Amino acid sequence: MDKSKKATAAVLAAVIFVSSAITGCSGKKDPEGSISKEDPWFSVSQAVIGAQYNNRDDIEWANTQFAGTSDGNIVYYVNGAMKPPKDAKAFEIDYDALSISNIDVYGEDCSLKRSIDLRKSFTDSKVFDIKDPEDGSIYQGNWTIQEDFKVEDGKVTMPVNAYLPSEDGFTPNIKTVNITIDLESGDVVSHSQKSANIPPVQQTYPVEQFYEFEGYYIRAYSVDTASGFSYVFIITRPDGSEVTLDFRTLFKDVDLSFLRGFVYCGNGKALIIGSPNASSDILSFDVDMEKGTATECVKNIDWLIPYLQNMTYIAGVGNVTVCESNIRKLDLEQEKAVELFSFDSCNINRVESKYMSLLTMTEDKIILATDYFLTSKHYGFYSPATLKLFVLTREKTNPNAGKKVLNAAIIDGSDYTICEAVRKYNDTNPDYFIKFDYRYSVTSEGNGEGISIFDDDFAEKMEKRKAELLYQLLVDLAAGDGPDLLLNGTDCSNLNKNEYLIDLIPELETSGLFGNIIDASEKDGKLYQVPLGFEVKGIFTGEKNARSDQKGFTFDEYKEFVKTTCNGEDKLGMSKLFFTTICLSGITDRFIKDNKVDFNDPDFRSVAEYASENVFDIMQDGDSYFMLPIEAKSLTAEVEYGISFPMAMYRYSDSICDMRVLGLPSREERGPEIVVRTSIGVSAQTKEKDACIAFVKTLLSEDIQESLADCEGYTPVRIEAYEKTAAAAVEDYNRTYNRIKDEIPQSERLLYGYPWSTVDPSAVDAFENIILSCTSVSSMDTAVGIILEEELPAYFSGQKTLDQVVTIINDRTQTYVDERG
């Protein structure tokens, strides 16, 4: 359900305060960068919503969704089903009696105040009682809740479809009853029939989405047409009158398959945004809900598109969106997002904030909810996504006053485990407070402005923007204006210099870590960025298909391997360009020495020449979904571009103990690579070196390393953490397999992602040997990658010789290197 949330206009009339009053980054700091007691601060209460339904053997499923807030009550609707008795026969089961239909009421302290069983409430009220015309007996009729809730004045109102006896024996007799429940007692306090008959569209199609804006209630129905799909909107105005906007007749030739957003513009006007079937095109319509009219919008709304997915409407404030760094208002007149609240003003996990929805917001209280899927499992029976409630309450003074600020820049995405470590650090460290810096992350909202996910060249634009942001990071670090800590910057190999980052080898105790992974991450004997979690990249094949001393492939060996072992199928051969760039990843630094560029190198030329002569630009079959498991009897070879133990255990359950992983083809037969998924570095310009190094050590601790495996699915760099979590993964996998092997056929287990074969515990050691065989880090400077992708096609198409292309690549890369210093 995509339903806007409402707060009282009287309270929120002052919410415009937020642009200056609770924006964390605008608070006063002393000259040394510490936090002032005047800096705004909100304490955080949180709770798991629906915890009472999780991990219960007697519940088949339960779905929880937000309904609204009122008088300190935060209200959720829960629907689901209990499991029938194991020995019950299908025709004996009363599924209505097993259904779950509850209203759960939480307080602003996040505690569950009460759970109202709607089945009992409806039964006690007798609102659905039906008198049998033949014998006069009373029975309760069937009903379904439309899940369109209005919460106000300590009550919740919902439309309920009542299924009454057919008057002619054939025609469905369905009535809609508005039922109001008191949130304190759980009693039905009023009910009224909404209309004589449900409109035909409601009888034929389920409601897809609900919206609510200052007294306007909109139900959106997706309907099929002769030429595709369209929508019907039934709008209830503040005075109770209704109007229907049927886009099937208003826009007969328009295919509106997907509804992307319903943006309220004020004064009864709105903007409907959607897309046609199988298209990235954007369709937009201006709607006047008072007049009941809709016209095609001629205004460019591209700037709005990135914000639609997580947008909500707050009365008195406007359309609001939440991202990992802040809460923003979408200013429709200025066509930009304006910060209302910075998460620097509270202590919250920034991965959770990325997936948050704003429920209500006042000057002193902000209520949000998030559902975040947290597991490293790669097979069936996942744990459900965790739905959490957060209540932020303004404090009179900032409890962190006097703490010095450490700025941590996120370069390439963030991880729950690392963000949780930061949150705990901020709670417990008496001297320092870590704030996240999103200026250099291309995935953060705002840094990708002007780029739409629907652009045909979206990937190319994002890569160029990433290169621009990383270049700015280098400039800022050199000038002393950069962050203290850098997270996930391994792909920016330019950072690995003394002027940007400190060498962490003298500062850390590396015993107990995978030594080869640390060695591979060094540059010229120095460790500028510590790999915290990683995955393995290489060609997976059976032991029998490789020499005992084989690490990888020369090009001649690979050509023969494709011909024989792979039966002519080149697992890397998606295109000449892809083959070249994927095989060069991890060695492009060889072509840039002491700021001098030379791609006229045998390592570069051999890859490009092999691709030109042996690789065909034919994409792999889209049906070969890489996540599907492969039985040993069918395994020839598979390229894994980044895999950790839980996934490898699932995918190669019956062969992982007899698996070899070989490096991608190269001139000198390189071994497998690692893909660093999360890392940390310390700025050479930081004034708080000791504090930064202490935090690095925290991230290498046993508990954080285990969490990287359990929560993110990465391979931790600490050996003991890997061995412990991998062994636990095998036990869990086998436990699940033994439970379902007699219930689900092998073919379905393979197809639908269930455990499909017992995994021997020795798989933990087998994969550890694979880890120990890795020799280099897979990475490529973003700007260099762009240059290669732009220039190599001219060689592959025959328009230019390799010598000509190498000259151009050298010139462009040298210019880039000179500019970055």
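Start with Asn595, which you'll find in the loop between β32 (592–593) and β33 (596–597). Its phi is positive, at about 65°, although Asn595 is not a glycine. Keep in mind as you look around that this is a predicted model.

- Asn595 is partly exposed, with a relative accessible area of 30%.
- Asn267 also has a positive phi without being a glycine, and its value is near 55°.
- To find Asn267, go to the loop between β17 (258–266) and β18 (269–275).
- Is Asn267 buried or exposed? Its relative accessibility is 71%, so Asn267 counts as exposed, the cut-off being over 50%.

**Salt bridges**

- How many salt bridges are there? The count comes to 42.
- One of them joins the side chains of Glu335 and Lys299, with N and O 3.6 Å apart.
- Glu335 sits in the loop between β23 (326–331) and β24 (336–342), while Lys299 sits in the loop between β20 (293–296) and β21 (311–314), so this bridge ties together parts that are 36 residues apart in sequence.
- Now look at helix α9 (residues 458–479), where Glu468 and Arg465 both lie, 3 residues apart, or about one turn of the helix.
- Glu468 and Arg465 form a salt bridge, and their closest N and O atoms are 3.3 Å apart.
- Glu468 is partly exposed at 48% relative accessible area, and Arg465 counts as partly exposed too, at 21%.
- Lys466 belongs to helix α9 and Asp491 to the loop between β30 (485–487) and α10 (515–521), so the pair connects parts 25 residues apart in sequence.
- In this pair, Asp491 is partly exposed, with a relative accessible area of 28%, whereas Lys466 counts as buried at 10% relative accessibility.
- Salt bridges can also join up: Lys537, Arg590, Asp603, Arg667, Glu668, Arg670 and Glu673 are linked in a network of them.

**Aromatic rings**

- What do you need to describe a pair of aromatic rings? You give the distance of the centres and the angle of the planes.
- The structure has 42 aromatic pairs.
- Take Tyr425 and Phe695: their ring centres are 5.3 Å apart and their planes meet at 75°, so the pair is edge-to-face.
- This pair links distant parts of the chain, with Tyr425 in helix α8 (residues 416–428) and Phe695 in helix α15 (residues 689–699), 270 residues apart.
- Tyr425 and Phe695 are both buried.
- Phe578 and Tyr641 also pair edge-to-face, at 5.7 Å from centre to centre and 80° between the planes.
- Here a helix meets a strand: Phe578 is in α12 (residues 576–584) and Tyr641 in β34 (residues 637–643), so the pair ties together parts 63 residues apart in sequence.
- Phe578 counts as partly exposed at 25% relative accessibility, and Tyr641 is partly exposed at 32%.
- Ring pairs can build up a cluster as well, and the members of one such cluster include Tyr211, Phe213, Tyr216 and Tyr231.
- A charge can sit over a ring: the charged end of Lys150 is over the ring of Tyr217, 4.2 Å from its centre.

- Two packed helices are described by the angle between their axes and the distance between the axes.
- Helix α12 and helix α20 (residues 782–796) have axes that come within 10 Å and cross at roughly 130°.
- That angle makes α12 oblique to α20, and their crossing is right-handed.
- For helix α17 (residues 719–740) and helix α19 (residues 763–772), the axes come within 9 Å and cross at roughly 140°.
- α17 and α19 are therefore oblique to each other, and this crossing is right-handed.

Definitions and conventions: Residues numbered from 1 in each chain as written. Predicted model: local features only at pLDDT ≥ 70, side-chain atom pairs only at ≥ 80, totals over all residues. Heavy atoms only, no water. Salt bridge = Lys/Arg side-chain N within 4 Å of Asp/Glu carboxyl O. Helix = DSSP H or I, 4+ residues; strand = E, 2+ residues; numbered from the N terminus. Buried < 20%, exposed > 50% of the residue type's maximum accessible area, 1.4 Å probe, protein only. Phe/Tyr/Trp six-rings, centres within 6.5 Å; stacked < 30°, edge-to-face > 60°. Lys NZ or Arg CZ within 6 Å of the ring centre and 35° of its normal. Axes fitted to C-alpha atoms, helices over the stretch in contact; angles between N-to-C directions. Parallel < 35°, antiparallel > 145°, perpendicular 65-115°, else oblique. Left-handed = near helix turned anticlockwise from the far one by under 90°.
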